[in-house]
Amino acid sequence: MNDSEKKNFLHEFSQFASGLSLRFSFKNLGYLPRWIVLLLDTFTISVSSILTYFLFKGVKLEYIQSDEKFISFFGYILINVFFFWVFKTYSGIIRHSSYIDALKLFFAQSATLVVMVIINFIFILSDKDKLFLSTGIFINAVLSFSFLFFYRVIVKQSFEHFFSGKDKKDLTRAIIYGSDANAIAVANALKSEIPGRFKLIGFIDKNNQNTTKRILDLPILNLNRKVPVLMRFVKAEALIIADKSLNKEDRSTIVDECLEFNLKVYTIPLVTDWDDQKEISKNIKSFEIHDLLERKPIVLDTKSISNQLHEKTVLITGAAGSIGSEIVRQVLEFNPKKIIMLDQAETPLHSLSLEILSKDKDVAIRNVIADIRNYDSLEKVFNTFQPQVVYHAAAYKHVPLMEENPSQAIFTNVMGTKNLADLSKKFNVEHFVMISTDKAVNPSSVMGASKRIAEMYVQSLHFMNANRSSKQTKFITTRFGNVLGSNGSVVPLFTKQIQEGGPITITHPEIIRYFMTIPEACQLVLEAGAMGNGGEIFIFDMGKPVKIIDLAKKMIRLAGFTPDKDIKIKIVGLRPGEKLYEELLNNSAKNLPTHHEKIMIAEEICKEFNKLTDEVEDLIILSHLKTNDKIVSKMKKIVPEFKSMNSVFQELDT
């Protein structure tokens, strides 16, 4: 064999050997088949029986009284195996053994003990020698249970300590905030997780009631100082919040404090499936900005919404957008007869259609590619499907883009809304719900003003219609602020900028916005649509306003970086039409409460329909023919409170 052949042989042999080592590595060992576990258990009780036999032999006593010692021994083993089968002691995975498995073993051995005592008693009644020494049966049962239990404990501990799939040095030292059943379930899940992520070093009890006790052999730490200080004292790197009684304010405070010290924070939803530890550990995730800004869950009047939507044909415009698609998902839960999803964006609409069809609901889904600016196309849709409820979410919403393209804002936001409202009236739609924005309040941009004109038209159409017809369409407007995660919102933008290493761009250090989550906004839209009698402009409780620069810093810390060190924050100046502060009410408006604590009605001055219609028609004609200045000037006449900010149109206000 020459040198080249030797090298090839050695290379192939080393690959074979490494493959063998990988194949037989404990780290890659799968779960043992049940029959092997049963054999191991049978071998264990055989050893305990032999040990019992020799223990009594040593004190000159016969454990097996019968002359047929082998048959008696074999019979005892068979009875054990029978009760292993009855109680399924071999069905559990040894490395994940729990107190349930210990109870199964206890019952199996107890049942075997009882049966053996009964057999002994039967032999005595039959004037025969008993098979086993009664004391021996008891000692044998105790030894068998102990051996079966302890070998499971040894296997479980071995996997936890030596074969967890990760070097202990690489594990994140973590404290669990909470000491209730939820926290214990989380701790158990993390201890059995393979590969492991955390090394648990204790629990925090916020009430300081059990600090002298231990849970899962881990200390309960005394919360006599702030959480970050306590974590640094015990050299913890992460906090896992598992206390289900913690309110949103306290949770946010703890997260903010930890992030200030660059400590990691994780959250988990309420644990309901105590046995599925793998599923619990999978749900442990880093805090997201949604978790910190989320408010109390909304309680919906599901009966009134169901009355409005059940077995109805529902048309949703802008269905492929972030708001429209969530409305589709939520409407689907009320079992309408048919949902018409209308949008001009082909690919997003197709993706949404596939998602909705996968839910396997008994609801007819129709996809319509159409532009709300085209009256004839919309009339065909109304004539074909005869919708009973319309949710109008289609709109142009990017403020800087609409400053550059006022005519397009008019065509979509004003003319498109007018087309839909007119057709809803013509085809006797029961409810027309328009999605508006807080930028329509005292507008400072073309986009905001276009939405305000659309609001005015919808409201005036309702009151004109109310004076002429007993059976009328209820025209309802809903108005809310920024939605977390919606297309074009700051959260996806900041996320992208953080992933790219920064900088995060902010228009002004003092800019403030209201936020709510997409599901929350859409739930309130459905609620307002159901409670409305027509002509109302509903505004939503947006919670506390958020400073955008604080939001950016929080997102940077949540991503594990330090603001202005790892990720820079760059101030780029206010964009055309952008305000520092958003409002929910016009200067001349008042708000009235409703039966829902998060929904109010804005009392706005409503223009006479015919006069407003003439103005809107003129505006649409101007948008086809005239310059941007002419279009915006007309908008300012229709909406006197429209004052441009940071825009080339500011000179039109003087």
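I take a residue as partly exposed when its relative accessible area lies between the buried limit, under 20%, and the exposed limit, over 50%. I apply this to a predicted model.

**Entry 1: Lys547 and Glu510**

I looked up Lys547 first. Its relative accessibility is 28%, so Lys547 counts as partly exposed. Its side chain meets that of Glu510 in a salt bridge, 3.3 Å from N to O. I then checked where the two partners sit. Lys547 is in strand β19 (residues 546-547), and Glu510 is in the loop between β15 (504-506) and β16 (512-513). The pair is 37 residues apart and links distant parts of the chain. Glu510 is partly exposed too, given its relative accessible area of 36%.

**Entry 2: salt bridges across the model**

I asked how many salt bridges the structure holds. The count is 16. As a reminder to myself, side chains of opposite charge can pair when their charged atoms come close.

I went on to Glu455 and Arg452. Their side chains form a salt bridge at 2.9 Å, N to O. Both residues belong to helix α17 (residues 446-466); they are three residues apart, so about one helical turn separates them. Are Glu455 and Arg452 buried or exposed? I find both of them buried.

I also noted a network. Salt bridges with shared partners join Arg452, Glu455, Arg479 and Glu641.

**Entry 3: Glu379 and Lys426**

Here I looked at another salt bridge. The side chains of Glu379 and Lys426 meet at 2.4 Å, N to O. Glu379 lies in helix α14 (residues 375-385) and Lys426 in helix α16 (residues 406-426). They are 47 residues apart, and the pair links distant parts of the chain. Glu379 has 22% relative accessibility and therefore counts as partly exposed. Lys426, with a relative accessible area of 49%, is partly exposed as well.

**Entry 4: α14 against α16**

I stayed with the two helices that carry this pair. At what angle do α14 and α16 pack? I read about 35°, with the axes 10 Å apart. Their crossing is right-handed. From α14, the contact uses Tyr375, Leu378, Glu379 and Phe382. From α16, it uses Asn419, Leu420, Leu423, Ser424 and Lys426. Sorted by class, I get five nonpolar, two polar and two charged residues.

**Entry 5: α12 against α13**

Next I took helix α12 (residues 322-332) and helix α13 (residues 346-357). Their axes come within 11 Å and cross at roughly 20°. An angle under 35 degrees counts as roughly parallel, and α12 and α13 are therefore roughly parallel to each other. This crossing is right-handed. Which residues make the contact? On α12 I list Ser325, Val328, Arg329 and Leu332. On α13 I list Leu352, Glu355 and Ile356. The set divides into four nonpolar, one polar and two charged residues.

**Entry 6: Gln109**

Is Gln109 buried or exposed? Its relative accessible area is 3%, so Gln109 is buried. I left aside neighbours within four places in sequence and listed the contacts. They are Ile45, Tyr76, Asn80, Phe84, Ala141, Ser144, Phe145 and Leu148.

Terms used. Residues are numbered from 1 along each chain as its sequence is written. This is a predicted model: local features need pLDDT of at least 70, side-chain atom pairs count only at pLDDT 80 or more; totals for chains, interfaces and linings use all residues. Side-chain values use heavy atoms; hydrogens and water are left out. Axes are lines fitted to C-alpha atoms, for helices over the stretch in contact, and angles run from 0 to 180 degrees between N-to-C directions. Helices (H or I, at least four residues) and strands (E, at least two) are DSSP runs, numbered from the N terminus. Angles under 35 degrees count as roughly parallel, over 145 as roughly antiparallel, 65 to 115 as roughly perpendicular and the rest as oblique. A crossing is left-handed if the near helix is turned anticlockwise from the far one by less than a right angle, and right-handed if clockwise. Contact means heavy atoms within 4.5 Å. Ala, Val, Leu, Ile, Met, Phe, Trp, Tyr, Cys and Pro count as nonpolar, Asp, Glu, Lys and Arg as charged, and the others, Gly among them, as polar. A salt bridge is a side-chain nitrogen of Lys or Arg within 4 Å of a carboxyl oxygen of Asp or Glu. Buried means under 20% relative accessible area, exposed over 50%, partly exposed in between (1.4 Å probe, protein chains only).
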